[in-house]
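Subject: Structure handover

Hello,

Here is the structure I promised to pass on. Please open it first, then read the notes below.

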Amino acid sequence: MSVSPSSIGVLGGLGPYAGLDLVHKIFDCCAATKDQDHLPVILYSFPAEIPPRVEFLLDDSPDNPGHAMGGIMVRLARAGATVIGMPCNTAHSASILDAALERLKDSGFTGCFVNMITATAEYIARNLPQVRRVGVLCTQGAHASRVFDQYLGQAGLDVLYPDAAGREKLQRAISDPAYGLKAFSSPVTEKAWNDVTAQARRMAERQVDLILLGCTELPLALAGKKFEGIPLVDPTRVLARCLVQAYAPHALRPEPGE
């Protein structure tokens with residue numbers, strides 16, 4: 001029986017375009033000059049197998065998606081993944097992530113799971129040490145679980161969210177079937193873009209030091225490193241660099257200033 005070559009594993013489908021975006025960013029941060037320089041990457045995207053995350057965290061569904069996510073990560077490991085990441089901030093909520101990682105651990109996996117939000121907190125502390133007030137744009141589920149308070153709070157950061165009406169508009173910009181980012185990812189609709197940028201602007205008005213794109217669909221609407229002069233941090237990009245660093249440090253393309 002042949003042994004699968006080692007690779008980076010991406011748990012996709014959370015949503016599908018977020019997984020694709022992570023793979024794209026992994027390629028972008030590799031110091032490759034030809035095809036053969038790129039790292040091996042496995043993307044498993046089985047969205048129909050994973051129950052909704054937001055509904056579970058809001059107690060609208062009894063099905064913990066962590067069990068299915070852990071099962072897919074086990075399949076990634078059996079296919080050769082030795083470093084695994086998942087581009088979904090909401091799924092890093094403790095009740096979901098703990099169930100997923102328990103299943104992965106029980107399979108005998110001895111590789112590395114890279115926690116995207118932990119990596120983002122470390123990125124902010126290392127690269128933006130002056131930041132204290134972080135404006136987080138995220139799903140209703142991530143807000144309810146306080147996953148960002150947990151990880152960013154441990155790094156000494158103050159977390160600010162949109163108000164209730166703003167969170168509702170942001171959730172609809174992400175998931176509304178008529179115009180949301182999950183339904184219209186490429187290109188995004190004008191309404192989704194307007195609603196996302198409106199919440200980013202309100203964060204700017206509250207004088208945050210940084211705006212965190214706390215849903216992996218949001219970089220589809222907001223790109224770049226700044227929004228109206230305020231640093232904009234994309235956890236998917238942070239995760240991409242950390243996955244490459246964990247798998248093959250020599251292959252990581254230096255960022256400007258490094």
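Two strands pair if DSSP finds at least two bridges between them. Helices (H or I, at least four residues) and strands (E, at least two) are DSSP runs, numbered from the N terminus.

This is a predicted model: local features need pLDDT of at least 70, side-chain atom pairs count only at pLDDT 80 or more, and totals for chains, interfaces and linings use all residues. Residues are numbered from 1 along each chain as its sequence is written, and side-chain values use heavy atoms, with hydrogens and water left out.

Strand 5 and strand 7 pair in the parallel sense over 4 bridges. There, V134 has L210 of strand 7 as its bridge partner. Strand 7 also pairs with strand 9, again in the parallel sense, over 2 bridges. L212 stands opposite V233 in strand 9.

In a regular strand the side chains alternate between the two faces of the sheet. Strand 7 has L210 and L212 pointing one way, and I211 and L213 the other way. All of these are buried (under 20% relative accessible area, with a 1.4 Å probe and protein chains only; exposed is over 50%, partly exposed in between).

Helix 9

Helix 9 covers residues 190-205.

Which residues of helix 9 are buried? They are A192, D195, V196, T197, Q199, A200, M203 and A204. These pack against strand 5 (133-137), strand 6 (158-160), helix 8 (164-175), strand 7 (210-213), strand 8 (226-227) and strand 9 (230-233). Contact here means heavy atoms within 4.5 Å.

A198 also lies in helix 9. A198 is partly exposed, with a relative accessible area of 25%. A198 and K34 are 164 residues apart in sequence and 41 Å apart in space, C-alpha to C-alpha. Just after helix 9, Q207 takes a positive phi of about 60°.

Another open sheet has 4 strands in the order 2-1-3-4, with parallel pairing. Strand 2 (41-44) and strand 4 (112-113) stand at the edges. Each has a single partner strand, so one side of each is left without a neighbour in the sheet. Strand 3 (residues 81-85) and strand 4 pair in the parallel sense over 2 bridges. V83 stands opposite C112 in strand 4.

Helix 5 and helix 10

Helix 5 (residues 116-127) and helix 10 (residues 235-247) pack at an angle of about 95°, with their axes 9 Å apart. Axes are lines fitted to C-alpha atoms, for helices over the stretch in contact, and angles run from 0 to 180 degrees between N-to-C directions. That makes helix 5 roughly perpendicular to helix 10 (65 to 115 degrees; under 35 is roughly parallel, over 145 roughly antiparallel, the rest oblique).

From helix 5, M116, A119, T120 and Y123 meet P235, T236, R237, V238, L239 and C242 in helix 10.

Best wishes

How values were computed:
The expected span of a helix is 1.5 Å times one less than its number of residues.
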